[in-house]
Amino acid sequence: MTRAAVLAGGVGAARFLDGLVRVLPPRDVTAIVNVGDDMEWAGLHISPDIDTVIYTLADMVNPETGWGLRGETRRTLDRLSDLGGPDWFMIGDLDLATHLFRSHWLEQGNPLSTITRDLARRAGLALTILPATDDRLRTLVNTDAGEFSFQDYFVRRRAADTVRSLRFDGVETAQPLPKAILALLEADVIVIAPSNPFLSIEPILSVRTMRETVIKARAPVVAISPIIGGQAVKGPAADIMASLGHDVSALGVARLYAEIADTFVLDQADAALAGEIEAETGLHVDVLPTLMVDAAAKTALARGVLEAAGHAV
Ligand code: GDP
Ligand code: CA
């Protein structure tokens with residue numbers, strides 16, 4: 001038996017997890033998901049990364065965007081627009097049901113983790129999906145134009161402001177989900193998904209005891225680069241790395257994970273960097289095709305990552 005614990009953001013993580021549950025029994029897979037992008041919108045609690053993971057693994061995701069539901073309609077949003085908004089955040093008609101469900105049960109006093117478990121079960125998923133914390137944690141983005149919530153910065157202002165720093169509001173008091181800590185301690189392999197290092201992975205690791213637990217856990221830690229050929233496959237990772245003063249490359253990502261990971265997986269397009277990364281960071285480097293264009297690519301990457309951790313399947 002190989003138990004895997006995966007630190008996960010949204011799209012990049014969901015794609016990786018989709019491969020992992022094809023090569024390991026899903027019940028042996030635990031995703032510990034970022035909640036820093038969570039937001040309250042029109043009175044609803046939205047957990048974008050958790051929803052992306054569930055929709056992707058349940059094969060319900062919109063393949064064009066990588067988030068939201070396939071075949072989605074926007075009648076509610078159009079009507080909301082006619083009323084004068086708020087309409088800057090894209091909420092599809094079916095997606096809305098997820099947010100209503102979550103918000104209702106939160107209001108009834110249920111923790112986010114329980115509601116997430118219910119949503120995953122209703123979607124027919126057997127892996128364990130855990131928010132990093134049940135407590136309130138919000139990524140705030142400091143820019144030249146001021147401090148914004150992540151969605152404000154990313155969606156409403158279209159990521160146009162230069163990012164100076166990030167802050168995780170609530171991180172001093174947020175408690176890590178006990179089940180997440182246990183999953184890390186019991187795992188045979190810990191994977192840092194090819195997610196945005198600053199916006200998806202750092203908020204998870206910043207929750208108290210989380211980083212230390214990953215470091216002291218007995219399992220090998222494998223990190224996968226979300227940067228290929230100096231670019232993000234999708235999203236603002238490259239821009240944010242650059243504006244925070246980091247090298248936008250697999251080397252730049254490897255530096256971020258040097259303390260926490262044992263093995264670093266980079267794309268074959270960046271094979272030339274392998275020697276330099278090993279020499280500078282001391283990480284063991286594995287070169288794999290990491291572009292998850294289809295199910296075959298996803299499963300091949302999952303297999304390669306398990307192999308890199310010494311758990312061939
Ligand atoms: P978000 O919250 O939806 O932005 O999701 P993540 O943080 O999980 O994922 C965003 C990151 O995933 C971006 O930096 C992308 O470069 C990366 N990504 C997306 N698809 C792939 C892929 O197929 N391969 C690799 N290596 N990275 C990917
Ligand atoms: Ca996200």
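Pro86 sits in the loop between helix H3 (75-82) and helix H4 (95-107); helices here are DSSP runs of H or I with at least four residues, numbered from the N terminus. A cis peptide bond, with omega of about 5°, joins Gly85 to Pro86. Asp59, in turn, belongs to the loop between H2 and H3. Although Asp59 is not a glycine, its phi is positive, at about 55°. For comparison, most residues other than glycine have a negative phi, and most peptide bonds are trans.

Please keep in mind that this is a predicted model, in which local features need pLDDT of at least 70 and side-chain atom pairs count only at pLDDT 80 or more, while totals for chains, interfaces and linings use all residues. Residues are numbered from 1 along each chain as its sequence is written, chains are lettered from A and ligands numbered from 1 in the order in which they are written, and side-chain values use heavy atoms, without hydrogens and water.

Let us turn to the helix pair. Two packed helices are described by the angle and the distance between their axes. Helix H1 (residues 11-23) and helix H2 (residues 48-57) have axes that come within 9 Å and cross at roughly 35°; the axes are lines fitted to C-alpha atoms over the stretch in contact, and angles run from 0 to 180 degrees between N-to-C directions. On the H1 side, the contact (heavy atoms within 4.5 Å) is made by Val11, Ala14, Arg15, Leu17, Asp18 and Val21, and on the H2 side by Thr52, Val53, Thr56 and Leu57.

Finally, I come to ligand 1. An oxygen atom of ligand 1 lies 3.1 Å from a polar side-chain atom of Asp49. A polar backbone atom of Pro226 is 2.7 Å from an oxygen atom of ligand 1.

Conventions. Helices (H or I, at least four residues) and strands (E, at least two) are DSSP runs, numbered from the N terminus. A polar contact is a pair of N or O atoms within 3.5 Å; within protein, one must be able to donate a hydrogen and the other to accept it, and residues adjacent in sequence count only if both atoms are side-chain atoms.
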